[in-house]
Amino acid sequence: MSSTATTAAAGERVERHAFIDRAFHWVTAATMVALLATGLLPVVGIHFAWLDVHALSGVLLTAVILLHVVRAVTVQSLRSIHLRPSDLTASRPGKYSVAQKLMHLGWTVAVLLAIGTGLVLLKKAGVLLARDPYMLQLKTWGQLTLLHDLAALLSVFLIMVHVYF
């Protein structure tokens, strides 16, 4: 059955998302859980060798997001997920509701902020890249860490909203 099917006979299953989209969702979810666990558990006093797992999970998330972007641009209707002013006044939403579009926007901000800051922070930590803590000033490292942590907190909030609704 096509992933674009919108109606079905009684008892027939309607496929809302293709397998690759569902796989993307669950791989992203697994990497986010790994990233949040390895990033937040040491903060609450649970100590373990977290940095390598955190960095590798971040690289995997980056690769998955890049594949998702390529698929969204080449195969899917990229415009269907973007929030437009007309969405706020439309009586019938398109494929995605305003809430779904806002959730996607939130995830876009959180993940891109976490990836961008995380890739730079890898340089300071010396994981996967040659260590260079003097590449930036101390104040700048602190600001990057703060932005990275805010992206993590936004992700926790978005997961709670996603699971609840």
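Reply: Lys and Arg count as positive here, and Asp and Glu as negative; His and the chain ends are not counted. Each charge is placed at NZ of Lys, CZ of Arg, CG of Asp or CD of Glu. On that basis the protein has 13 positive and 7 negative side chains. The centres of the two sets lie 6 Å apart.

The model is predicted: local features need pLDDT of at least 70, side-chain atom pairs need pLDDT 80 or more, and totals for chains, interfaces and linings use all residues. Residues are numbered from 1 along each chain as its sequence is written, and side-chain values use heavy atoms, without hydrogens or water.

Now the whole. The protein has 5 helices and 0 strands. Both kinds are DSSP runs, numbered from the N terminus: helices are H or I with at least four residues, strands are E with at least two. The C-alpha atoms fill a box of roughly 60 × 35 × 30 Å along the principal axes. Of the 165 residues, 24% are buried. Buried means under 20% relative accessible area, exposed means over 50%, and partly exposed is in between (1.4 Å probe, protein chains only).

The part to study is helix α1, residues 19–40. Its 22 residues reach 31 Å from first C-alpha to last. That is close to the expected 32 Å, which is 1.5 Å times one less than the number of residues.

Which residues of α1 are buried? They are Asp-21, Thr-28, Thr-31, Met-32, Leu-35, Leu-36 and Thr-38. Seen down the axis of α1, these buried residues fall within an arc of 165°, so they line one face of the helix. The arc is that of the directions from the helix axis to the C-beta atoms.

Turned away from the buried side of α1 are the exposed residues Phe-19, Trp-26 and Val-33.

Ala-23 counts as partly exposed because its relative accessibility is 28%. Arg-131 is 108 residues from Ala-23 along the chain, and their C-alpha atoms are separated by 34 Å.
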